[in-house]
Amino acid sequence: MRQKVLQLVLPAVALTATMTGCAILHHAQVGDIDNRKGVAHRPFELKVSETGVNMEEAGDIAKSLSRSKQANKDIENALGIIGLFQMGPKTGNPVFNDGYAKNIVNDLYRECPSGRITNVVSIREMRKYPGISGEIVKITGTCTGDRKVRGKGGAKASSNEQAKDTENL
Amino acid sequence: MQLAKRIKKTLLGCALMINAAGCVSLQSVSLTQIPAKRDNKVTASTDKWIILGFNFDNDYVDKLTEKLKDKCENGQIRGILTKDETTSYFLVFKRSVTATGYCIKA
């Protein structure tokens, strides 16, 4: 009885762990931070992703499913040839669309038309599943507006503050 | 016999020490523009222990900016150096991201 329960529970746990997907961080970068009071901040998050394929793992799965020795040998040969084309340094698994992250600049512009972006954290990560992966680029940050609090001098006070900021930088 | 036992113990001790120390590898480094005023240096770091490679999210990185902000109230942080490191131990490893910058008060 106990063995039967274990036989059911263990594959279920393994399946859940596999389907959740392990998260692997490849690169994290923090940009300049504006923490001044009186500046309007609107947080945003952008994420783009593409499916990556791990040929080695996909081959192992294919081999475990095939029953003939000849088929296994063919798969191994094919993997060897594919491997020759995938040499070199890389982060994550190869993807079939290399331009998946190029529109993130436009998305950023759409999210913050003023272009005043601060607190930017850029993350390149990967969600790993058997044979495939999600290759992710995530950018979080805050869109900064004009100063909410102005001195008695109005625009004059603001330009003085800006001059002070420029001096400091 | 006695000597063999002593050597065994010493080797075991050495192996344990090496394991406990951990090997560090640098994943990535980035730097933003460094300001002229560099009086107030602030540092914040965030980390996560990963056992047997099982890690289901990287949300620990999100806390980093908040930690940096806490150290520079009402100011700007410029010249941020971000280091992403991995320290490996026996069957576990620690991922840590450290950010160091200069706080410029408004």
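The legends below describe close-up views of a predicted model.

Local features are given for residues with pLDDT of at least 70, side-chain atom pairs count only at pLDDT 80 or more, and totals for chains, interfaces and linings use all residues. Residues are numbered from 1 along each chain as its sequence is written, and chains are lettered from A and ligands numbered from 1 in the order in which they are written.

View 1. Chain A holds five helices and five strands; helices (H or I, at least four residues) and strands (E, at least two) are DSSP runs, numbered from the N terminus. Their order from the N terminus is α-β-β-β-α-α-α-β-β-α. Within chain A, strand E4 (residues 117-128) has the highest confidence, at 94, and helix H5 (residues 155-168) the lowest, at a mean of 47. Residues 148-159 of chain A stay under 50 in pLDDT, and the model has nine contacts for them beyond four places in sequence; two residues are in contact if their C-beta atoms, placed from the backbone, lie within 7 Å. Residues 165-169 of chain A also stay under 50, with six contacts beyond four places in sequence. Where pLDDT is low, the predicted coordinates should not be read in detail.

**View 2. The side of chain B that touches chain A.** Chain B brings 33 residues to the contact and chain A brings 21 residues. On the chain B side, strand E1 (23-31), helix H2 (63-70), strand E3 (75-88) and strand E4 (92-105) each supply at least two residues. E3(B) gives the largest share of this side, seven residues. By class, this side of chain B has 14 nonpolar, 12 polar and seven charged residues. Here Ala, Val, Leu, Ile, Met, Phe, Trp, Tyr, Cys and Pro count as nonpolar, Asp, Glu, Lys and Arg as charged, and the others, Gly among them, as polar.

**View 3. Strand pairing around E3(B) and E4(B).** Two strands pair if DSSP finds at least two bridges between them. E3(B) and E4(B) are antiparallel and pair over 12 bridges, with B:Ile77 opposite B:Cys103 in E4(B). Three residues lie between the strands of this hairpin, in which B:Leu91 takes a positive phi near 65°. E4(B) also runs antiparallel to strand E2 (residues 41-51) of chain B, to which 11 bridges join it; B:Val97 in E4(B) is the bridge partner of B:Thr46.

**View 4. The largest nonpolar core.** A nonpolar core is a set of buried Ala, Val, Leu, Ile, Met, Phe, Trp, Tyr and Cys residues joined through C-beta atoms within 7 Å. A residue is buried if 20 or more other C-beta atoms lie within 10 Å of its own, exposed if 12 or fewer, and partly exposed in between, with C-beta atoms placed from the backbone. The largest core has 18 residues, and those with the most contacts inside it are B:Val61, B:Leu64, B:Leu68, B:Ile77 and B:Ala99. Two or more residues each come from strand E1 (22-30) and E4 of chain A and from H2, E3 and E4 of chain B. E4(B) gives the most, five residues. Beyond its neighbours within four places in sequence, B:Ala99 has contacts that include A:Val30, B:Ala44 and B:Leu64.

**View 5. The buried face of H2(B).** B:Leu64, B:Thr65 and B:Leu68 are the buried residues of H2(B). Seen down the helix axis, they fall within an arc of 95° (that of the directions from the helix axis to the C-beta atoms), so they line one face of the helix. These buried residues pack against E1, E2 and E4 of chain A and against E2, E3 and E4 of chain B.

View 6. A:Asn119 has a phi near 55°, a positive value in a residue other than glycine. A:Asn119 is located in strand E4 of chain A and is buried, with 22 other C-beta atoms within 10 Å. B:Asn74, also not a glycine, has a positive phi of about 50°. B:Asn74 is in the loop between H2 and E3 of chain B and counts as partly exposed, with 13 C-beta neighbours inside 10 Å.

Definitions and conventions
pLDDT is the predictor's confidence in each residue, from 0 to 100.
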